[in-house]
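Here are my notes on the model you asked me to look over.

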Amino acid sequence: MENCIFCKIVAGEIPSPRLYEDDKIIVIKDIEPKAKLHYLCIPKVHFAYLSEMDEARAEIVKHCFQTIPKIAKDLGLEDGYRVIINQGVNGGQAVLHLHIHLLGGEVLGGF
Ligand code: 5GP
Ligand code: ZN
């Protein structure tokens, strides 16, 4: 998708070191971390919202949720972590390419 920052990162047009990559997703450090550890799990295909889900996209989101616990383990987050998917304006979604935040490395405040 043109003018999508995460599509550009996926395509390598904007350099961003990958903590993890496979055929469906990449995991990168958030550029403005909101916790000691803050990563983004980003599907390689572009779609913005959970409301756009179809079978293929659901497989990718499932894959994200299967991969995140492995990454959390590798990061030493055995005491817990938080995953967040912001959706839309009221949800605080700034980048309209679906992504899952992984936050941890400290005790996170409630909300
Ligand atoms: P959202 O608010 O859309 O759920 O989250 C977007 C996140 O992407 C924010 O936490 C922001 O810091 C991060 N972000 C925005 N642009 C870039 C970028 O170019 N590189 C990386 N690594 N993270 C970015
Ligand atoms: Zn995109």
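**Notes on the fold, the cavity and one histidine**

1. Going along the sequence, the protein chain runs α-β-β-β-α-β-β. That comes to two helices and five strands. Bear in mind throughout that this is a predicted model.

2. On overall shape: the radius of gyration is 14 Å, close to the 13 Å from the globule rule for 111 residues, so the chain is as compact as a globular protein of that length. Along the principal axes, the C-alpha atoms take up a box of roughly 35 × 30 × 25 Å.

3. What share of the chain is buried? Of the 111 residues, 37% count as buried. As for contacts, take those between residues at least 6 apart in sequence: 54% of them join residues at least 24 apart.

4. Now for empty space inside. Rolling a probe the size of a water molecule over the atoms shows where such space is left. Searching the whole structure turns up one cavity of 30 Å³ or more, and the largest cavity holds about 30 Å³ of space.

5. Which residues line the largest cavity? They are Val27, Tyr39, Leu40, Cys41, Ile68, Ile71, Ile100 and Leu102. By class, that makes eight nonpolar residues, with no polar and no charged ones.

6. As for which elements build that lining, at least two residues each come from β3 (37–43), α2 (55–74) and β5 (100–104). The biggest contribution is from β3, with three residues.

7. I'd also have a look at His101, which sits in strand β5, one of the elements supplying at least two residues to the cavity lining. Is His101 buried or exposed? Its relative accessibility is 11%, and the cut-off for buried is under 20%, so His101 counts as buried.

8. What does the His101 side chain pair with? There is a polar contact with the side chain of His99, at 3.5 Å.

9. Setting aside neighbours within four places in sequence, His101 is in contact with Asp30, His38, Tyr39, Leu40, Arg82, Val83, Ile84 and Asn86. Two names on that list, Tyr39 and Leu40, come up again in the lining of the largest cavity.

How values were computed: Residues numbered from 1 in each chain as written. Chains lettered and ligands numbered in written order. Predicted model: local features only at pLDDT ≥ 70, side-chain atom pairs only at ≥ 80, totals over all residues. Heavy atoms only, no water. 1 Å grid on protein atoms, 1.4 Å probe; cavity = no way out; pocket = protein on both sides within 12 Å on 5 of 7 lines; lining within 4 Å. Points joined across faces, edges and corners; volume = space filled by probe spheres on them. Helix = DSSP H or I, 4+ residues; strand = E, 2+ residues; numbered from the N terminus. Nonpolar A, V, L, I, M, F, W, Y, C, P; charged D, E, K, R; others polar. Buried < 20%, exposed > 50% of the residue type's maximum accessible area, 1.4 Å probe, protein only. Polar contact = N/O pair within 3.5 Å; in protein donor to acceptor, adjacent residues only side chain to side chain. Contact = heavy atoms within 4.5 Å. Rg over C-alpha atoms; globule rule 2.2 N^0.38 Å.
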